[in-house]
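Thanks for coming. I will go through one structure today, starting with ring contacts and ending with the ligand.

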Amino acid sequence: MMNYRITLLPGDGIGPEIMAVAVDVLKVVGGQFNFQCEFQEAPIGGVAIDATGEPLPSQTLQMCRNSDAVLLAAIGGYKWDNLPRHQRPETGLLGLRAGLGLFANLRPAKILPQLIDASTLKREIVEGVDIMVVRELTGGVYFGTPKGVFETETGEKRGVNTMAYTESEVDRIARVGFETAQKRGGNLCSVDKANVLEVSQLWRDRVTQLAPEYPDVELSHLYVDNAAMQLVRWPKQFDTIVTGNLFGDILSDAAAMLTGSIGMLPSASLGASGPGVFEPVHGSAPDIAGQDKANPLAQVLSVAMMLRYALEQPVAADKIEKGVLEVLEQGYRTGDIMSEGMKQVGCKEMAEVLLKVLSV
Ligand code: NAD
């Protein structure tokens, strides 16, 4: 029997409601696939600010470091919106990413056949889309120096940011890209702007040099402007995309929106070693918190990503993903994905139906 230590960070808003579902799912599939999770819970975001004055207490980070994986729900809410930046819930999230060295962000965009009409694009364009965007998370223009607003000799202000990547930074994210493609369809598209940017030329050179180490992966390159166009023109051409921080920020949101449903999207953030963080893409939805209206499925699919990418339990991950499809197939919908003729349920009932499906 495998034993995993999982740190749970329920956070704010709907966080605790959807986290409860994730825990139940893990207990059920653990029993079936011969693994057990030891859960330890810690505060982050608004609840941590209320309890300790800080959005990421040092004990929380320590607990995360001492675990096999971290499952996060969501942070933030109206109550904490006007605090100074270092005390904001979002600062806790950035601190967690930095503290665990999470340099790779994996964002899948998969069209579920039952929710195809939620997409704003035509059925024939999005049907069958299954893309993974691997975004570099701790380098590039968001972190490069010099940065700031400086005064020029004429007294005019000039804003500066620097897009920079070292060879080793490119290599480690490229490897995550290749390895992710190996676990998926075997196609990797590296996105850059090598026709204009030197930093992108280095990126392209390094990715190309690593390719022979992954003979089972077919590598292609696209300029980011073309990639954006291709994503909405014919998204089915993509399997796995690897790209830098800025391009990935934009392309992962664009790819996610092909699906049209924010309550269904999981994500993973991984480091070189140590635990990764698995969380839904959506926020804490304070407008529906505490009303049993939250869609728990993005959180549940984050559990599946955790099993696949951190705990080497791909069969259990498959089972959860199939279970989610099955409850949708049976017509159950939370309010955010509701459509005509379907059965509207709350968070708890969605969980009950899912657990029933998973129990067989
Ligand atoms: P949000 O994702 O929380 O909500 C956007 C809309 O989608 C809302 O109408 C909400 O009710 C709905 N929604 C989101 N998730 C849902 C779910 N699982 N089920 C049903 N409906 C769902 O984004 P927002 O309103 O911009 O932000 C709210 C708070 O969340 C803010 O404090 C923000 O900073 C924070 N936030 C946190 C994260 C995170 O924890 N990673 C990400 C984004 C926003």
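Predicted model: local features only at pLDDT ≥ 70, side-chain atom pairs only at ≥ 80, totals over all residues.

Another of them is Phe178 with Tyr214. Here the rings are stacked, at 4.5 Å centre to centre and 0° between the planes. Phe178 sits in helix H6, residues 167-183, while Tyr214 is in the loop between helix H7 and strand E9; the two are 36 residues apart, and the pair links distant parts of the chain. Are these two residues buried or exposed? Phe178 has a relative accessible area of 0%, so it is buried. Tyr214 has 6% relative accessibility and therefore counts as buried.

Next, charges over rings. The charged end of Arg172 sits over the ring of Phe103, 4.2 Å from the ring centre. Lys343 lies over the face of Tyr332, and there the distance to the ring centre is 4.5 Å.

Now some backbone geometry. Which peptide bond is cis? That is the bond from Thr145 to Pro146, with omega near 0°. Pro146 is part of strand E6, residues 144-151.

Glu312 is not a glycine, yet its phi is positive, near 55°. Glu312 is in the loop between H10 and helix H11, and its relative accessible area is 58%, so it counts as exposed. Ala285, also not a glycine, has a positive phi of about 40°. The loop that holds Ala285 runs between strand E12, residues 277-280, and helix H10, residues 297-309.

Ala285 brings us to the ligand. There are 20 residues around the ligand, and those that come nearest are Glu90, Gly283, Ala285, Asp287 and Asn295. By type, the shell divides into 10 nonpolar, six polar and four charged residues.

For Glu279, a side-chain N or O atom is 3.5 Å from a ligand nitrogen. With Asn295 the backbone is involved: one of its N or O atoms lies 2.8 Å from a nitrogen atom of the ligand. How much of the ligand does the protein cover? On its own the ligand has 800 Å² of accessible area, and the protein covers 69% of that.

Last, what does the side chain of Asn295 contact? It makes a polar contact of 3.4 Å with the side chain of Thr334. The side chain of Thr334 is also joined to that of Asp336 by a polar contact of 2.6 Å. Thr334 is in the loop between strand E13 and strand E14, and at 0% relative accessibility it counts as buried.

That is the end of the tour; I can take questions.

Methods: Residues numbered from 1 in each chain as written. Heavy atoms only, no water. Near = heavy atom within 4 Å. Polar contact = N/O pair within 3.5 Å; in protein donor to acceptor, adjacent residues only side chain to side chain. Areas by Shrake-Rupley, 256 points an atom, 1.4 Å probe, with all protein chains shown as cover. Nonpolar A, V, L, I, M, F, W, Y, C, P; charged D, E, K, R; others polar. Phe/Tyr/Trp six-rings, centres within 6.5 Å; stacked < 30°, edge-to-face > 60°. Helix = DSSP H or I, 4+ residues; strand = E, 2+ residues; numbered from the N terminus. Buried < 20%, exposed > 50% of the residue type's maximum accessible area, 1.4 Å probe, protein only. Lys NZ or Arg CZ within 6 Å of the ring centre and 35° of its normal.
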